[in-house]
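Please read this note alongside the model. The points below go from ring pairs to the interface, then to salt bridges and confidence.

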Amino acid sequence: MGIRIVLTDPNPGAAGRWPVAPMHVQHPHLNPSLIKHRQAMEQDNCKAPQAKPDKGSGMPRADFVMGLILMLFGLVAMHQSLKIPTFEKDWGGFYAAPGFVPLILGGVIFFLALLLFIRAFKAGGHRLIPSRETFRAFVKAPTTRRWCLVILYSWGFFFILGHIPFLLAAFLVLLAFLLTFAEVKKLSALIIAGAASGAIYLVFSKLFLVPLP
Amino acid sequence: VGAFELLNSIGNLMTWDILFSVFWATFLGIIVGMLPGLTATMGIALLTTLTFQEEGSKAIVILIAMYVGAIYGGSRSAILVNIPGTPANAATCIDGHPLALQGKAGEAIGIATTSSFFGSTIALFFMAFFTPYLGQIALEFQSFEFFWLTLFGVLICGNLTAPEDPLKGWIAGFLGLFLAMIGMDAIQAHGRFTYGSIDLSGGLSMIPALVGVYGMTEVIQTSVEAPQQAKIVQVKRVIPKLHDIVVNWKNIIRSGVTGVFVGAIPGVGENIASFVAYDMAQRSSKTPEKFGKGSIEGLTAAETGDNACVGGAIIPVLVLAVPGSPPAAVLLAAMWLHDMRPGPLLVIEAPNFIYDVSAMFFLASAAMLILGLLMVRIFVKVLEVKPSTLMPIILVLCAVGSFAIHGRVFDIMVMLLFGLIGYPLRKMKFPDAPLILGLILGPMLDENLRRGLLLNQGDVSPFITRPICIILIVLILLTLVNRNKHFKRAMASFKAMLLSPFRRSQN
């Protein structure tokens, strides 16, 4: 039996946020962490401020950090572009240099990031250091744990490819994902992982003649 | 003119092999479109990698069928579970689901299916009969015009895909342009930002990057955020009433033409086309109060607009090699992969290619109509598949697809890296489309700017004096300032000043 959801708003588009409709989720047998995670997400959706057009995206701290990172990226890009040989003698001027366009693009990225940074600064994004509670809540948040696990599984899959047969690697990553994120029983996860990895192997290596990693 | 060529191309494609391919790819496209989290762009990107062993025209017909099917398929989930299967169908939810709640799910699906087909037909008309003329105009484009066109494409795409915050759209676009600089440059064949890596000297492969941005990011997002599965409204009969179609003919034509024009704007996809068409339908409706409560007019406009946009987005691919939407960007990359060279010279080198692609689009649209009206229960069953079960399979497919083209493990890493970057960018409201458009257009911008300067010994005057360049520069400036409050105020007072003599005479 899956999750039963009762839709209460027939016109969510009018709410301005898409596709979040107010929903009440009944969860007869799900694991408690998933239920907590969903409740937290629903609350977040309710509390999230409506973005105002042309006033930035309403996330000054993230914009402040991103502005800094992108400014640094732009500077490094410009520096590295200047290190590329210019071939001026053979090709006329600096405008022909392979680093000419990357230099301009690095400069534009720096300038746009500076605008983002200034805007975020004015909106209070420089007050970066979170309270201990906020930090603890972030670390303990189900989404953080789930994000770490997705990255671990997907990059783990990448690193084991080539070291063990593809079929086994695909089976393992499918099983790990299904057991962690999907609302299925262990036996079902085993069956789905086995069937899906086998089908992918057969269809692509035998039918489409695609080389597998 | 052109009708004979189009019929000839359709006739050439009428083989069992091609027809079978069109039907299975459209079927798969509808399923991809229906499943929330799987988008048309992701579907085409994955299928590009899996069909690159096929003969070129067969591979392209499969991809076009996937594109048409996916954009249509999203309407099913929009109507039945109130979740747009692809971003293109967000406007469909507004009236489609209220209709379903009123017990008219079948009627809504029927209207969506026929509207999608009419939208495709209008787009086909423009593709087949206007594209050759646009191709003649495109022949006037030289390096100078192409430079401004690529810049305009990235900026307008950034502007329209991030309406709340265009700055982030522009940053995403310029990041894409910069990432496209990695690898060997087109003029001196000098490796840029390769740091001795043989893999990097070939540049970042387009398809793995696209698969990463659209596929891997979705895998991460769905796994992390665990979206709820909604209740599915049941449906029986989907044949629409003829009356609903006939009374909407003006709406269909207006929405179709709107969809085509929005589609032709670089990088601006079906999601925007459907909302623009919906908005226009509401403004010109005699019963605007019904919009949002289950209006047939609203549903018709949204679905006609997004499917017409598919054809519209392919037009600039053919004549300028500039994609009109993210899925069209993948289609362009696929054409390059199969040694097809769309662009201004297409009307000279392979004039029939325009009609061939139009014929492929027609077959895909016909398959969409047939499958959409006949296969109802199977598609409803598909909606019961949980995204959390599907996502690991998508991850494995992303890895297989990225590896398939060049047989390099490095491409899987590129895919994973783009997914890793794509998720936080998406959460911070940096749109995907300009990033991808930048990646596609980067080499064109680089090559044309430097070539233009080389040909004129560094003289920039042709860049700012040629007529098309001037038009493009004005468009770029308008794109940059049109949201600025000082500009808006100045334009308002200018408009008031212009209209003031007429107002006095009225008084």
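1. Rings of Phe, Tyr and Trp (its six-membered ring) pair if their centres lie within 6.5 Å; planes under 30 degrees apart count as stacked, over 60 as edge-to-face and the rest as tilted. Over all chains, the structure holds 22 aromatic pairs. Take Tyr153(A) and Phe181(A): the ring centres are 6.2 Å apart and the planes stand at 65°, so this pair is edge-to-face. Tyr153(A) sits in helix α6 of chain A and Phe181(A) in helix α7 of chain A, 28 residues apart, so the pair links distant parts of the chain. Helices (H or I, at least four residues) and strands (E, at least two) are DSSP runs, numbered from the N terminus.

2. Ground rules. This is a predicted model: local features need pLDDT of at least 70, side-chain atom pairs count only at pLDDT 80 or more, and totals for chains, interfaces and linings use all residues. Residues are numbered from 1 along each chain as its sequence is written, chains are lettered from A and ligands numbered from 1 in the order in which they are written, and side-chain values use heavy atoms, with hydrogens and water left out.

3. The interface. Contact (heavy atoms within 4.5 Å) joins 84 residues of chain A to 79 residues of chain B. The two chains bury about 7,000 Å² between them, 76% of it on carbon and sulfur atoms. Buried area here is the accessible area (1.4 Å probe) lost on putting two parts together, summed over both.

4. Salt bridges across it. The rule asks for a side-chain nitrogen of Lys or Arg within 4 Å of a carboxyl oxygen of Asp or Glu. Across the interface of chain A and chain B it finds two. Asp63(A) and Lys168(B) meet in a salt bridge at 2.6 Å, N to O. Seven elements of chain A, by name β1 (4-7), α1 (32-47), α2 (60-82), α4 (100-122), α6 (142-160), α7 (166-181) and α8 (186-207), each supply at least two residues of the side that touches chain B. Of these, α4(A) gives the most, with 13 residues.

5. Salt bridges overall. Within chain B, Lys58(B) and Asp17(B) meet at 3.2 Å, N to O. This pair links helix α4 (residues 56-81) and helix α2 (residues 16-34) of chain B, 41 residues apart.

6. Confidence. pLDDT is the predictor's confidence in each residue, from 0 to 100. Chain A has a mean of 75, with 73% of its residues at 70 or more. Over residues 1-54 of chain A the pLDDT is below 50. Chain B has a mean of 87, and 97% of its residues reach 70 or more. The model scores ipTM 0.80 and pTM 0.79.
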